[in-house]
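Good morning, and thank you for joining.

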Amino acid sequence: MTTHRTRTVAAGLVATLALAACSATGSGGGGGEDADVLRVVTHDSFTLSEGLLTAFEERTGYTVEQITPGDGGALVNQLVLTRDNPLGDVVYGIDNSFAARAAEEGVLQPYRSPDAVRTAMEDSLTAVDFGDVCVNVDHEWFREQGIPEPQTLEDLTDPTYADLLVVTNPATSSPGLAFLLATVGAFGEDGWEQYWRDLRANGVRVVEGWSDAYYVDFSGSEGAGPRPLVLSYSSSPAAEVPADGSEPRTGALLETCFRQTEYAGVLAGAENVEGAQEFVDFLLSPEVQADIPGSMFMYPVLDGVGLPQEWADHAPVSPAPHEVEPQAITDNRDRWIETWTEIVVG
């Protein structure tokens, strides 16, 4: 089975990690004295199949040095802290939960790949991949119990599904934050707080990270957990396809999703601007886009890219994910998390 990527929000480690990253890059000034070096700053889930980065280096003549200071949230925080002495030349892994903040804080300079699809911040960020965070369901558990599966966010508050759902904390988990945003998008400022009160009253379990939710509490993956509903990704069922190619026991509830889009951009103050632009373009090359599902378990952003058969069969995207404008996320994210904590954790 393919191992999923995991994300945690580690804002408290920002200062320490920023110092460590600066130490790892010498002066921390981007390209350093060697113009042939390209410093690529990414979140800690960035990976490509063997040979792709080597091919890029051989084609361009650059030596890629990768800096991985943390998850997507910590990544943006560190870029802000070090904007006067940038960690590198190019960044990958800023998602739509933090994109507006990155643009507002001046950590990026204008560049948009000519191959890019339209983005909310099209002058400084290029969309590379996306994923739908959704509630996953254990089909087998519901069949055995003779209970109809839920379909919507509203269904999850029905007493029929009491004590069946496990989610992750938005203060410590990127999927958890995405699910909180899904509820804000679905119910608005006037309704999302009451929704979480209802969900808490219906016995939702909250854990700190995705791995604990999926592999410990969920019944549908390794089969050991007591809860048949878990917060994960719409691509997760593709990782549950048995070796014989038969149907996985899990599926995604596509009416519960929030779409995460990940971007790349050229850092303000980059010393190797040309190399940074080439790297952004490289992430939209057919080879990298085709590699993204298998290497980073996200969907390629460009249309027409072939997917692995398991994805084509068992990893559909949501036709209508819940949405929140990036600027609204930047303006309200901390307040929403604080209010959620008061309601759900107490």
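I begin with strand β6, which runs parallel to strand β7 (residues 205-207) and is joined to β7 by three bridges. Helices (H or I, at least four residues) and strands (E, at least two) are DSSP runs, numbered from the N terminus, and two strands pair if DSSP finds at least two bridges between them. This is a predicted model, in which local features need pLDDT of at least 70 and side-chain atom pairs count only at pLDDT 80 or more, while totals for chains, interfaces and linings use all residues. Residues are numbered from 1 along each chain as its sequence is written, and side-chain values use heavy atoms, with hydrogens and water left out.

I turn to the aromatic rings. The whole structure contains 17 aromatic pairs. The ring centres of Tyr-214 and Phe-218 are 5.3 Å apart and their planes lie at 45 degrees, so this pair is tilted. Rings of Phe, Tyr and Trp (its six-membered ring) pair if their centres lie within 6.5 Å; planes under 30 degrees apart count as stacked, over 60 as edge-to-face and the rest as tilted. Tyr-214 is buried, at 0% relative accessible area.

Finally, ring pairs connect Phe-179, Phe-187, Tyr-195, Trp-196 and Trp-340 in a cluster.

Definitions and conventions. Buried < 20%, exposed > 50% of the residue type's maximum accessible area, 1.4 Å probe, protein only.
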